[in-house]
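The following note sets out, in numbered points, what may be read from the model shown below. It is intended for a reader who is new to protein structures.

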Amino acid sequence: MAERKFIVLERRSVLVVAGADAGAFLQNLISNDVDRVEVRRAIYATLLTPQGKFLHDFVVSAHPQTAGAHLIETEAGRIDDLEKRLALYRLRADVTMARADPDWAVFAGFGDGT
């Protein structure tokens, strides 16, 4: 049995998408089904151009403390561009976007998961 280990992924960052329209907003923009996201289930998705060209990839999960909010975990060096591109489509949707609290970190876990 392998020992459990964790490593901080310092080059990853989190964007919080919240508001009454957060789920529908993401559902209309990203490449995976946001309705499949649950507290214990995340999805991998991408943001594409209208022509289908790749822009960003990320993992979407449910915010553990805010119902209806989503966490988007992506490359730290490109999070500004992702936030800017998502904001272009916000229009009148009841959606807010902000970086996660600086105390938050992204970890990878290894070893026996039982």
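1. Contact, as the word is used in this note, means heavy atoms within 4.5 Å. The model is predicted. Leaving aside neighbours within four places in sequence, Ser61 is in contact with Val37, Ala42, Ala69, His70 and Leu71. Ser61 and Tyr44 are 17 residues apart in sequence, and their C-alpha atoms are 9.0 Å apart in space.

2. Concerning the overall architecture, the protein has two helices and seven strands. Read from the N terminus, its elements follow the order β-β-α-β-β-β-α-β-β. The C-alpha trace spans about 50 × 30 × 25 Å along its principal axes. For 114 residues, a compact globule would have a radius of gyration near 13 Å, and the 15 Å of the protein agrees with this.

3. Five strands form an open sheet in the order β3-β4-β5-β2-β6, with antiparallel pairing. Its edge strands are β3 (43-48) and β6 (96-99), each of which pairs on one side only. On average, neighbouring strands of this sheet are turned by 30 degrees against each other, direction ignored.

4. The pairings within the sheet may be followed strand by strand. β3 is joined to β4 (residues 54-62) by six bridges, and the two run antiparallel; Leu47 has His56 in β4 as its bridge partner. β4 in turn pairs with β5 in the antiparallel sense over four bridges, and Val60 has Ile72 in β5 as its bridge partner. β5 also pairs with β2, again in the antiparallel sense, over six bridges; here the bridge partner of Arg12 is Glu75 in β5.

5. Is β5 mostly covered or mostly open? β5 is mostly covered, since five of its six residues are buried. Across the protein, 35% of the 114 residues count as buried. The accessible surface comes to about 7600 Å², and 50% of that area belongs to carbon and sulfur atoms.

6. Helix α2 (residues 79-88) lies across β2 (12-18), β3, β4, β5 (70-75) and β6, and runs at about 175 degrees to β6. Leu86 shows which residues such an arrangement brings together: leaving aside neighbours within four places in sequence, Leu86 is in contact with Leu15, Phe25, Leu29, Leu47, Ile72 and Met97.

7. In soluble globular proteins, nonpolar side chains tend to be buried together. In this model, the largest nonpolar core has 22 residues, of which Val17, Phe25, Phe58, Ile72 and Leu86 touch the most other members. β2, α1 (22-27), β3, β4 and α2 are the elements that give two or more residues to this core. Its largest share, four residues, comes from β4. There is also a second, separate core of five residues, including Val14, Val16, Ala100 and Val106.

8. Which part of the contacts joins residues 24 or more positions apart? Among contacts with a separation of 6 or more, such pairs account for 60%. The reader may return to Leu86 for an example of contacts beyond the close neighbours in sequence, as Leu15 is one of its partners.

Technical notes. Residues are numbered from 1 along each chain as its sequence is written. This is a predicted model: local features need pLDDT of at least 70, side-chain atom pairs count only at pLDDT 80 or more; totals for chains, interfaces and linings use all residues. Side-chain values use heavy atoms; hydrogens and water are left out. Two strands pair if DSSP finds at least two bridges between them. Axes are lines fitted to C-alpha atoms, for helices over the stretch in contact, and angles run from 0 to 180 degrees between N-to-C directions. A nonpolar core is a set of buried Ala, Val, Leu, Ile, Met, Phe, Trp, Tyr and Cys residues joined through side-chain atoms within 4.5 Å. Buried means under 20% relative accessible area, exposed over 50%, partly exposed in between (1.4 Å probe, protein chains only). The radius of gyration is taken over C-alpha atoms; the globule rule is 2.2 Å times the number of residues to the power 0.38. Accessible areas come from the Shrake-Rupley method with a 1.4 Å probe; for residues, only the protein chains shown count as cover.
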